[in-house]
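Biologist: I am new to this structure and would like to learn how to read it. Could we take the features one at a time?

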Amino acid sequence: MKTISKKSYGQYLPILIVVVGTNHLRSGGQRYDLESYILYENYNRTTQANDLCLLKTATPIVYNDKVQPAEVLIQETPPGSNLMSTGWGETGTDGDIPQNLQMLNFTSIGTQECDHTRNSTENVDLFPHH
């Protein structure tokens, strides 16, 4: 999903959809209309930092062997854990959205290292092994 500014909240609801259960944007899986969304309050449209939002579909998502709820951890992820991030977000400044699901494997860092990194510079490559 392409995140949009708070000023246009609701303007794009009729055309935004949630795609689940496929690795290809235009084929397979199930599609759901959005009822609403909440942008992360610290989202920065200029830098794309904190490009996150919470989505509410108009109808409940049906779970199956390819579609499962995301696990919400109640404790910190241990440093050194292998993680994966996925999405169809823009991969550059040209605004194109890829047709194949993008996947990025990375290793978690601890809270202290994260805080130090965030406070020391704004231009840190958090995914140096991609």
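Biologist: Of the 130 residues of the protein chain, what percentage count as buried?

Modeller: A word on the source: this is a predicted model, in which local features need pLDDT of at least 70 and side-chain atom pairs count only at pLDDT 80 or more, while totals for chains, interfaces and linings use all residues. Residues are numbered from 1 along each chain as its sequence is written, and side-chain values use heavy atoms, with hydrogens and water left out. Buried means under 20% relative accessible area, exposed over 50%, and partly exposed in between, with a 1.4 Å probe and protein chains only. Here 18% of the 130 residues count as buried.

Biologist: Which helices and strands does the protein chain have, and in what pattern along the sequence?

Modeller: Both are DSSP runs numbered from the N terminus: helices are H or I with at least four residues, strands are E with at least two. The protein chain has five strands and one helix, and the pattern along the sequence is β-β-β-β-β-α.

Biologist: Over how many bridges do β1 and β2 pair?

Modeller: β1 and β2 (residues 30-39) pair over four bridges in the antiparallel sense. As one example, Ile-17 has Asp-33 in β2 as its bridge partner.

Biologist: Is Val-18 buried or exposed?

Modeller: Val-18, in strand β1, has a relative accessible area of 12% and is therefore buried. A contact means heavy atoms within 4.5 Å. Not counting residues up to four places away in sequence, Val-18 touches Gln-30, Arg-31, Tyr-32, Leu-34, Leu-55 and Thr-57. Leu-55 is 37 residues from Val-18 along the chain, with 8.4 Å between their C-alpha atoms.

Biologist: Which backbone oxygen does the side chain of Arg-31 reach at 2.4 Å?

Modeller: A polar contact is a pair of N or O atoms within 3.5 Å; within protein, one must be able to donate a hydrogen and the other to accept it, and residues adjacent in sequence count only if both atoms are side-chain atoms. Arg-31 is found in strand β2, and its side chain reaches the backbone oxygen of Leu-25 at 2.4 Å. A polar atom of that side chain also lies 2.7 Å from the backbone oxygen of Gly-28. With a relative accessible area of 36%, Arg-31 is partly exposed.

Biologist: Where is Ser-108 found?

Modeller: Ser-108 is in the loop between β5 (102-107) and α1 (111-120). Its relative accessible area is 10%, so Ser-108 is buried. The side chain of Ser-108 reaches the backbone oxygen of Pro-78 at 2.7 Å.

Biologist: How many disulfides does the count come to?

Modeller: A disulfide is a pair of cysteine sulfur atoms within 2.5 Å. By this rule the count is zero. Cys-53 is partly exposed at 27% relative accessibility, and Cys-114 is partly exposed at 28%.

Key: Pairing = 2+ DSSP bridges.
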